[in-house]
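Colleague: I am new to this protein and would like a guided tour. Could we go through it in questions and answers?

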Amino acid sequence: MSLQKTSPTRVFVELVPWADRSRENNLASGGETLPGLRHPLSSTQAQTATREVHVSGTSEVSAGPDRAQVVVRVSSTKEAAAEAKKSVCRRLDYITQSLQQQGVQAENITVTKDFRRVENAYHMEAEVCITFTEFGKMQNICNFLVEKLDSSVVISPPQFYHTPGSVENLRRQACLVAVENAWRKAQEVCNLVGQTLGKPLLIKEEETKEWEGQIDDHQSSRLSSSLTVQQKIKSATIHAASKVFITFEVKGKEKRKKHL
């Protein structure tokens, strides 16, 4: 009786160990072994050799800015030097006291002063640089200062940014999530073929990407001065992606011993 020829099959995951590890990169398209390569190990050798499953995992995470900076500028030009200083210092004291009453810590407030002569008058200008970690509080304080101070006080739009530590945490989180996704994939593959997933033998981060914001660059350049606070936060949001490659050990299902 003659046997019918079966159509060649493609290998999705190979769990049987081979004497020549380069074989896994030299399989013919029909599942046939290329000439000159070694054959699979014997059943006795296979029991002691390490069987592996190779998987990749990807992830994408994002984080909004954790700091915002606002600059308040106060200036005055007077014929007398004392009058110019008095005008600026009076409003400067009011601003710093208001900030402290609103719960802004002294280490988050930086004051710089500039005094110079302009033709036949004296000009004094002061800047109060405020760093915020709570954006709701920032908006309330800015609205309060706009209401209480005259037009000679200029409040800059908030500038949102990330501290170095937060960016590094985001990169680490992207890698860890990618590793977890790869582990879950390997677990499902082993369950599907009736095997047990063992310890990782190799973990390699193959690719990382980072980018900022989701607002169209052309639109952002034209309307940067008119963006809302939420739009600016979205534009300053950092995204990070990671791709990892992991090799896991594969163990056979343990057989329960039958009791007589």
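Predicted model: local features only at pLDDT ≥ 70, side-chain atom pairs only at ≥ 80, totals over all residues.

Colleague: Which pattern does the protein follow along the sequence?

Modeller: Let's begin with the parts: the protein has six helices and eight strands. Read along the sequence, they follow the pattern α-β-β-α-β-β-α-β-β-α-β-α-α-β.

Colleague: And what share of the contacts between residues at least 6 apart in sequence joins residues at least 24 apart?

Modeller: For background, the protein has 260 residues, and buried ones make up 30% of them. Among the contacts you ask about, the share joining residues at least 24 apart is 78%.

Colleague: What is the average twist from one strand to the next in the open sheet of three strands?

Modeller: That sheet has the order S1-S8-S7, with antiparallel pairing. Its edge strands, S1 (51-63) and S7 (195-212), each pair on one side only. From one strand to the next, the twist averages 15°.

Colleague: Which residue in S8 is the bridge partner of Lys-209?

Modeller: S7 and S8 run antiparallel and are joined by 14 bridges. In S8, the bridge partner of Lys-209 is Ala-241.

Colleague: Which helix lies across S1, S7 and S8?

Modeller: The helix in question spans residues 164-192 and runs at about 145° to S1. Its name is H4.

Colleague: Is Ser-242 buried or exposed?

Modeller: Ser-242 is found in strand S8, residues 238-252. Leaving aside neighbours within four places in sequence, Ser-242 is in contact with several residues, including Gly-57, Ala-174, Cys-175 and Glu-207. Its side chain also makes a polar contact of 2.7 Å with that of Glu-205. The relative accessible area of Ser-242 is 4%, under the 20% cut-off, so Ser-242 is buried.

Colleague: And with which residue does the side chain of Gln-195 make a polar contact?

Modeller: Gln-195 has its place in strand S7. Because its relative accessible area is 14%, under the cut-off of 20%, Gln-195 counts as buried. The polar contact between side chains is 2.9 Å, and the partner of Gln-195 is Arg-51.

Colleague: Last one: how many nonpolar residues does the contact of H2 with H3 have?

Modeller: The axes of helix H2 (residues 81-101) and helix H3 (residues 135-148) come within 11 Å and cross at roughly 150°; the crossing is right-handed. H2 brings Tyr-94, Ile-95, Ser-98 and Leu-99 to the contact, and H3 brings Ile-141, Phe-144, Leu-145 and Lys-148. By class, one residue is polar, one is charged, and the number of nonpolar residues is six.

Technical notes: Residues numbered from 1 in each chain as written. Heavy atoms only, no water. Helix = DSSP H or I, 4+ residues; strand = E, 2+ residues; numbered from the N terminus. Buried < 20%, exposed > 50% of the residue type's maximum accessible area, 1.4 Å probe, protein only. Polar contact = N/O pair within 3.5 Å; in protein donor to acceptor, adjacent residues only side chain to side chain. Contact = heavy atoms within 4.5 Å. Pairing = 2+ DSSP bridges. Axes fitted to C-alpha atoms, helices over the stretch in contact; angles between N-to-C directions. Left-handed = near helix turned anticlockwise from the far one by under 90°. Nonpolar A, V, L, I, M, F, W, Y, C, P; charged D, E, K, R; others polar.
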